[in-house]
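Here are my notes on the model. Please read them with the coordinates open.

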Amino acid sequence: MKRNRLISLITNGVLALVLAVLATVCFLPNAKSVSGGGDGTYRKGTGEGVSLMINVYWGTETVLKMLDVLDEYGATATFFLGGCWADDNVACVKEIASRGHEIGSHGYFHRDHSKMDYKENVEEIAHSVEFISLASGKPVTLFAPPSGAYHEETVNAATALSLKTVLWTKDTIDWRDKDENLCYERATKEVSAGYLILMHPMEHTLAALPRILEHYKEAGLKTVSVGENLG
């Protein structure tokens with residue numbers, strides 16, 4: 001009897017463990033990553049073009065000059081704006097929108113979203129989206145976490161706000177390495193369709209931008225917004 005009871009307990013325990021594993025697998029959230037990362041973020045598009053992601057918390061005058069270069073090459077970019085910067089530069093926000101470029105959120109105060117809980121993520125992102133959409137007159141559908149710092153609750157918060165969480169395929173690291181040629185190399189080397197290229201409004205990036213756009217043109221790559229690239 002004791003032996004049968006022991007076998008029954010072991011069997012029931014194994015069954016309970018199997019059911020628990022199945023329940024966990026069945027109720028995992030569906031991955032939404034175009035790049036196949038499986039964490040709900042987007043790191044590469046599916047389109048035939050390449051996209052410039054320009055993260056902005058400074059450099060208003062440089063942003064305006066970058067707009068002129070983009071116009072010259074008929075290129076469309078996506079500007080991920082910091083809410084506190086946008087608050088102080090409404091005229092520039094409107095100019096970006098009027099030139100036909102896409103505008104996304106880059107948070108409000110450049111906080112580390114990986115250290116924030118769900119509620120804090122929602123508040124920080126929503127605050128930026130509300131102001132940026134009001135200033136630009138355009139809906140905001142994309143969110144790029146500052147410094148690429150995020151965790152599951154960041155993605156969940158963005159999704160709840162109907163935003164796609166976007167990272168990058170290639171980073172120019174232009175905020176750190178203030179070198180025009182290095183910026184050009186990182187933005188162009190082995191770049192192919194669907195790539196998302198991260199940069200900032202830096203003077204050396206501005207200097208490299210015409211060469212970067214010329215390279216894409218020669219490679220048969222149209223420069224499109226992130227939204228278009230993601231489809």
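1. Just after helix 6, Ser-162 has a positive phi of about 65°. Helices here are DSSP runs of H or I with at least four residues, strands are E runs of at least two, and both are numbered from the N terminus. This is a predicted model: local features need pLDDT of at least 70, side-chain atom pairs count only at pLDDT 80 or more, and totals for chains, interfaces and linings use all residues. Residues are numbered from 1 along each chain as its sequence is written, and side-chain values use heavy atoms, without hydrogens or water.

2. Helix 6 spans residues 152–160, and its buried residues are Thr-154, Val-155, Ala-157 and Ala-158. They fall within an arc of 160° seen down the helix axis, so they line one face of helix 6. The arc is taken from the directions from the helix axis to the C-beta atoms. Buried means under 20% relative accessible area, with a 1.4 Å probe and protein chains only. Their cover includes strand 1 (41–42), helix 5 (118–136), strand 5 (142–143) and strand 6 (164–166).

3. Ile-132 lies in helix 5. Ile-132 counts as buried because its relative accessibility is 0%. Beyond its neighbours within four places in sequence, its contacts (heavy atoms within 4.5 Å) include Leu-81, Ala-86, Ile-103 and Val-140.

4. Arg-211 deserves a look. Its charged end sits over the ring of Tyr-184, 4.2 Å from the ring centre. The criterion is NZ of Lys or CZ of Arg within 6 Å of the ring centre and within 35 degrees of the ring normal.

Terms used: Buried means under 20% relative accessible area, exposed over 50%, partly exposed in between (1.4 Å probe, protein chains only).
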